[in-house]
Amino acid sequence: MKTQLKIATKGGKQENDEAEPVSPTGQYFNSKVLSICIIAVLETEVPINESCVMPQLRDVFLPLNHRFSSIMVSDKKDVKQWKRVEVNMQDHVVVPSFPDGLSVESYTDYFDEYLTKITADQLPQDRPLWELHIFKYPTSKAANHIIFKLHHSLGDGYSLMGALLSCLQRAENPSLPITFPSTQATTKVKNNNTMEFINWMPRIMSSIYKGACDFGWSFLKSTCKADDKTPIRSENKGLGFNQIKISTIELPLDQIKLIKTKLGSTVNDTVAGIIFLGVRRYMQETDIESSHSQSTALVLLNTRNIGGYMSVEEMEKTHSWGNQFAFLHIMMPKLINEKNSNILDFIYKARNQIMRLRNSPAVYLTAQCLELIRKCRGPEAVAELIHSTLNKSSMAITNMIGPVEQVTLADHQIKGMYFMVVGSPQSLVITIMSYAQTLRIGIGAEKGFIDSQRLNSCIKNAFNLVSEAATKTG
């Protein structure tokens with residue numbers, strides 16, 4: 001690419017020569033055994049004009065957080081720190097070239113292959129840990145594509161999405177702020193009298209007991225009790241550095257909300273149940289014996305006690321930027337048969353498990369356990385435990401909420417958006433993101449092992465079955 005842009009400095013020096021310590025989680029995700037990245041894909045309605053995108057990237061994106069202009073270095077005591085450097089945009093912006101005049105179908109294949117390729121490419125450690133890829137060819141999904149690849153050590157999905165959204169504007173009225181679906185749960189009025197406290201005591205003791213059991217089971221799953229080998233788990237420990245095929249499914253958000261209302265659930269729990277059902281159907285169709293296998297999913301949760309996204313400035317002030325999440329081991333229900341009543345039973349089992357574990361003390365105990373290991377044995381030991389946790393489970397699932405309205409990036413209207421977590425030693429990673437009135441499910445499947453097209457079909461069929469069954473319920 002011919003564009004040569006560099007970040008301005010004051011008096012030939014960096015604006016901030018002081019190095020900042022890398023957070024513990026940032027060290028875990030950029031270690032000898034782990035290199036986790038987040039890929040965010042924006043589909044545009046019109047062809048991309050680089051002359052508009054580049055200033056937005058330089059003047060808005062880079063100044064959002066100093067980590068976008070920093071590299072990770074180790075001091076004399078081998079403690080990792082963020083060090084500010086001069087950013088050469090040519091090193092970070094990639095515009096792939098393909099033959100001109102091909103069909104949309106051909107460019108769609110080129111895009112799929114290109115996206116698969118960059119899932120395995122490692123970000124160089126001698127420059128800031130992010131890249132921007134501009135795919136300037138029409139596909140079946142969009143006129144062009146903008147692909148952000150950001151290292152997970154820079155921040156979690158919440159932080160990086162907050163940074164990305166700072167570069168976007170509402171399509172119909174840029175002067176208005178972007179809005180998001182409400183995530184606040186309805187709370188009941190609390191009764192603080194003594195009898196109420198006495199009535200709650202058995203529940204509190206039961207919660208503590210279950211939390212200890214949940215933590216013990218989770219620790220076993222992380223260290224020595226691996227899932228069975230199945231059509232979604234290849235036991236390939238080096239998968240994090242191999243290629244992942246990314247595909248997506250679009251579901252109407254209004255229909256999802258109707259189903260969750262019928263089931264008395266949340267959107268996230270309903271979608272997770274549908275995904276589990278679709279994955280179990282795929283496993284059963286591929287290998288009938290796997291229908292009785294022990295398979296767990298790692299569900300990643302945002303641990304911030306907030307109702308929606310903050311601006312980057314607010315995140316910095318409240319120390320909300322960074323990696324603040326926890327994971328839950330969810331045992332995927334077994335699929336016995338597919339009568340409508342049992343299909344809903346499957347969804348209820350998945351929902352109840354997620355609801356119980358989400359509020360379990362095991363989440364807090366797991367975080368404290370990781371911190372204790374870090375203090376005693378160092379961050380690399382924790383990274384090895386996280387690698388083991390991922391490797392011994394069958395899949396990972398995570399979600400983020402997106403804007404309610406359509407948005408633009410440098411006056412390019414965004415048709416759709418989704419994200420994927422890559423670098424994980426798992427055969428299957430599934431992501432969920434809402435945008436406008438659509439729910440986008442991203443499926444990252446090990447290339448050559450999982451049949452993505454067949455898996456997508458199973459998840460779509462699961463959605464139709466659950467929708468039909470929920471409609472028939474009172």
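In this predicted model, a polar contact of 3.3 Å joins the side chains of Ser35 and His151.

| Side chain | Partner side chain | Polar contact |
|---|---|---|
| Ser35 | His151 | 3.3 Å |

Are Ser35 and His151 buried or exposed? His151 has a relative accessible area of 0% and is therefore buried, and Ser35, with a value of 10%, is buried as well. Once neighbours within four places in sequence are set aside, the surroundings of His151 consist of Phe29, Asn30, Ser35, Ile36, Cys37, Leu123, Leu129 and Leu160.

The partner of β5 is strand β6 (residues 130-135), with which β5 pairs in the parallel sense over two bridges; here Val94 stands opposite His133 in β6.

**The three-stranded sheet**

A further open sheet has three strands in the order β1-β4-β3, paired in the antiparallel sense. Its edges are β1 (20-21) and β3, each with a single partner strand, so that one side of each has no neighbour in the sheet. Strand β3 (residues 70-74) is joined by five bridges to strand β4 (residues 80-84), and the two run antiparallel. Along this pair, Ile71 stands opposite Lys83 in β4, and Met72 stands opposite Trp82 in β4. What lies between β3 and β4? The two strands form a hairpin with five residues between them, and Asp78 in the turn has a positive phi of about 65°.

How many disulfides does a search of the whole structure find? The search finds zero. For Cys369, the reason is one of distance, because its sulfur is 9.9 Å from the closest cysteine sulfur, that of Cys376, which is too far for a bond, given that a disulfide needs the two sulfur atoms within 2.5 Å. Cys369 counts as buried at 17% relative accessibility, against a cut-off of under 20%, and Cys167 is also buried, with a relative accessible area of 4%.

Elsewhere, Ala469 has its place in helix α12 (residues 452-472) and counts as buried at 4% relative accessibility. The C-alpha atom of Ala469 is separated by 7.0 Å from that of Leu344, although the two residues are 125 residues apart along the chain.

**The whole chain and the confidence of the model**

The protein has 12 helices and 16 strands, and 52% of its 474 residues count as buried. Among the contacts with a separation of 6 or more, 79% are accounted for by residues 24 or more positions apart.

The mean pLDDT of the protein is 83, and 82% of its residues reach 70 or more. Over residues 1-16 the pLDDT stays under 50, and for this stretch the model has 29 contacts beyond four places in sequence. Residues 184-191 likewise have a pLDDT below 50, and beyond near neighbours in sequence this stretch has three contacts in the model.

Definitions and conventions. Residues are numbered from 1 along each chain as its sequence is written. This is a predicted model: local features need pLDDT of at least 70, side-chain atom pairs count only at pLDDT 80 or more; totals for chains, interfaces and linings use all residues. Side-chain values use heavy atoms; hydrogens and water are left out. Buried means under 20% relative accessible area, exposed over 50%, partly exposed in between (1.4 Å probe, protein chains only). Two strands pair if DSSP finds at least two bridges between them. Helices (H or I, at least four residues) and strands (E, at least two) are DSSP runs, numbered from the N terminus. pLDDT is the predictor's confidence in each residue, from 0 to 100. Contact means heavy atoms within 4.5 Å. A polar contact is a pair of N or O atoms within 3.5 Å; within protein, one must be able to donate a hydrogen and the other to accept it, and residues adjacent in sequence count only if both atoms are side-chain atoms.
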